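These are my notebook entries on a structure I looked up. The entries follow the order in which I checked each topic.

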Amino acid sequence: YTVIINDITELKNIEEHTKRNEKLLAMGELASGVAHEIRNPINSIGMIGQRLNREFVPNTDIQEYKSLTDLLVNEVNRVNKIITQFLQYAKPLDLQLVNADISKLMMDFYHLFIELAEQKNIAFNIKGNKNIYANVDPELFKQAIINFIQNAFEAVENNGKILVEYFIRDGSLIITIKDDGKGIPGKDQSKIFDLYYSTRKEGSGIGLSIAQKIISQHNGFIDFTSTNQGTTFNIKIPYNEKL
């Protein structure tokens, strides 16, 4: 008998990454089209609201009139903010790559979240080796990783645990964010990177979509596992020695 066993885990991860990027591109194109179609009439409504507030004074109920016109302008501004988010999501990111000290960036994350960890009595740790460098856009890289850490803090209860680790393996920088929270329900796991999809009522559903886009444009991959005992995100980006 001859038995041939192939580990197709990496292939499956690549297929999932490709599908996610195709969905990302489709959502971006839709976002761009919708945003451009809506922006002009919305701006016109906003200008009308400003003119009404500035040029017309009613004979009665002046305060109510001003409140309504202010509300109109504020709501137009809010819609414009959403449209701007759509357009930012749709267009390619302008990466400013530098050979960044990853351990220094990781310490920035530690200082950003340690106070919150102490407030919630969460064991928050970051582990990794010094002298690890990678070509990343520091600001966008931080934006992406912060989203994953923030989600971990929202998932765990008081006295929970969050561990961030970073290391080099097979020519890639690996960053893992692991928590012992309640996990992501199975029905939601295929949707968490979709724009405006959130399992939390107060969630915007933007964070992980943007993080996915940032990591993808760094030629990176994201995969995750989640059970009712916690979630682990694995981020992999190309690694290079310090120049």
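In which sense, left-handed or right-handed, does α4 cross α5? I found that α4 passes α5 in a left-handed crossing. A crossing is left-handed if the near helix is turned anticlockwise from the far one by less than a right angle, and right-handed if clockwise.

**Entry 1: basis of the notes.** I note that this is a predicted model, in which local features need pLDDT of at least 70 and side-chain atom pairs count only at pLDDT 80 or more, while totals for chains, interfaces and linings use all residues. Residues are numbered from 1 along each chain as its sequence is written, and side-chain values use heavy atoms, with hydrogens and water left out. Helices (H or I, at least four residues) and strands (E, at least two) are DSSP runs, numbered from the N terminus.

**Entry 2: the packing of α4 and α5.** I looked up the geometry of α4 and helix α5 (residues 207-217), and they pack at an angle of about 140° with their axes 9 Å apart. Axes are lines fitted to C-alpha atoms, for helices over the stretch in contact, and angles run from 0 to 180 degrees between N-to-C directions. The angle makes α4 oblique to α5; under 35 degrees counts as roughly parallel, over 145 as roughly antiparallel, 65 to 115 as roughly perpendicular and the rest as oblique.

I then listed the contact (heavy atoms within 4.5 Å). On the α4 side it is made by Leu140, Phe141, Gln143, Ala144, Asn147, Phe148 and Asn151, and on the α5 side by Gly207, Leu208, Ile210, Ala211, Ile214 and Ile215. The contact residues divide into nine nonpolar, four polar and no charged. Here Ala, Val, Leu, Ile, Met, Phe, Trp, Tyr, Cys and Pro count as nonpolar, Asp, Glu, Lys and Arg as charged, and the others, Gly among them, as polar.

**Entry 3: burial of α5.** I checked accessibility, where buried means under 20% relative accessible area, exposed over 50% and partly exposed in between (1.4 Å probe, protein chains only). Of the 11 residues of α5, 10 are buried, so the helix is largely enclosed by the rest of the structure. The buried residues include Lys213 and Gln212.

**Entry 4: salt bridges.** How many salt bridges does a search of the whole structure find? I recorded three, a salt bridge being a side-chain nitrogen of Lys or Arg within 4 Å of a carboxyl oxygen of Asp or Glu.

- Lys66 pairs with Asp70, the closest N and O atoms being 3.0 Å apart. Both lie in helix α2 (residues 62-90), four residues apart, about one turn of the helix. Lys66 is partly exposed at 38%, and Asp70 is partly exposed at 27%.
- Lys142 pairs with Asp108 at 3.6 Å between the closest N and O atoms. Lys142 lies in helix α4 and Asp108 in helix α3 (residues 102-119), so the pair ties together parts that are 34 residues apart in sequence. Lys142 is buried at 19%, whereas Asp108 is partly exposed at 23%.
- Asp188 meets Lys187 at 3.5 Å, N to O. Asp188 is buried at 4%, whereas Lys187 is exposed at 63%.

**Entry 5: positive phi.** Most residues other than glycine have a negative phi. I noted Asn131, with a positive phi of about 60°, in the loop between β2 (123-128) and β3 (133-136). Asn131 is exposed at 62% relative accessibility. Asn159 has a positive phi of about 70° and is found in the loop between α4 (138-155) and β4 (161-169). Asn159 is exposed at 55%. Asn219, which follows α5, has a positive phi near 60°.
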